[in-house]
Amino acid sequence: MAVSTSSLTRGAAKRWAFIFRWQGKLKEMGLGGVSAVTLADARELAADARKVVAAGRNPIEERKAASAAKAQTLTFGVFSSSLIDDIEGGFRNAKHRQQWRNTLTTYAAKLTSLPVGSVTTAHVLEALQPIWLTKPETASRVRGRIERVLDAAKAKGLRSGENPARWRGHLDKLLPRQQRKAQEHHAVLPYDQVPAFVAELRAREAVSALMLEFVILTASRTGEVIGARWPEVDAKAKVWIVPADRMKAGKEHRVPLGPRALEILEIVEVLRTKGDYIFPAARKGHPMSNMAMLKLMQSRMERPDVTVHGFRSSCRDWAGECTTFPREVAEAALAHTVRNAVEQAYRRGDALEKRRQLLLAWESFIELGSA
């Protein structure tokens, strides 16, 4: 019986392999990719496999058996948690990472204690059916996440066969068609009522009130303001630069700051803690939650009819009905993604100064109405 040393295969993805003769035929057992396994580690793995062959056993079959045994002890819950740890660096933000964990923990709870190699179509259906028609969007996301977890388990040799969470040609034949819900829009305060709302807001001595006013003045998304940090602000240039990883479109966005927006920053800077968050929570090192603004509006101001995100639409409606600013400037001010190829080619820059004039006019509109 001849046994070779570790060798490096050629090709686009180079990997180490142990080549040996078994029952008169040459066999090749992969030892891992060059980027993940060092030469020393490959030699050690080959030495272990050589001992198995010398004992009259097939190392490939033994590894398969070991993987199958591991699949029977490694649960879906433990494996999915480990997978999220590995891939979360590619998620857009902390909220997305938490959604992955929360949805699998909540809606795939019946899979949690099952061996990841033993999850079947029946198990997946048991998890999805209770929410498939009542929470269609959530259910679809849960199905996709279960599918990815099981695909990853198969890639690691912990499963075999088809993925029981696969949609096309599988679950689409077993689950009922979901009814499309009419698109739900955020409750919007008419723009002519915004000045009075801001006036009431300024009468309240709370950081959450300052934060909400900053959201309104800059026409920014809630998450962008929640995650705002002091190093992003250039007070001299009167610009707040939101990094790409916090923007919905994945592109850096410069937000021009008017006099009142800068005044708010001066006020909260006095309260600055050791952390970098502009609007910090009581717990050090954490930003204020969006729930602080919701609680302020719904409980203290008794305005359950208004949403934070809706103020972006208030600004956009005002720009369209009360000003002569071009449409593309108004859209750029709200950092909307441009889908029209002609408009995209036209707007090669970010129209910072034009957007500055628009937001200054928006701030003046609010100031005059709230005075």
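**View 1. Exposure of D305 and its salt bridge with R303.** D305 is partly exposed, with a relative accessible area of 42%; this class lies between buried (under 20%) and exposed (over 50%), computed with a 1.4 Å probe on protein chains only. The model is predicted, so local features require pLDDT of at least 70 and side-chain atom pairs pLDDT 80 or more, whereas totals for chains, interfaces and linings use all residues. Residues are numbered from 1 along each chain as its sequence is written, and side-chain values use heavy atoms, without hydrogens and water. D305 forms a salt bridge with R303, their closest N and O atoms being 3.1 Å apart. A salt bridge places a side-chain nitrogen of Lys or Arg within 4 Å of a carboxyl oxygen of Asp or Glu.

**View 2. The salt bridge of E331 with R316.** The closest N and O atoms of this pair are 2.7 Å apart. E331 belongs to helix α13 (residues 327-333) and R316 to helix α12 (residues 310-322), 15 residues apart. Helices (H or I, at least four residues) and strands (E, at least two) are DSSP runs, numbered from the N terminus. E331 is buried, at 14% relative accessible area.

**View 3. A network of salt bridges linking R202, E213, R260, E263 and E367.** Within it, E367 and R202 form a salt bridge whose closest N and O atoms are 2.6 Å apart. E367 lies in helix α15 (residues 352-370) and R202 in helix α7 (residues 194-202), so the pair ties together parts 165 residues apart in sequence.

**View 4. An open sheet of three strands.** The order is β4-β5-β6, with antiparallel pairing; strands pair if DSSP finds at least two bridges between them. I241 has R254 in β6 as its bridge partner.
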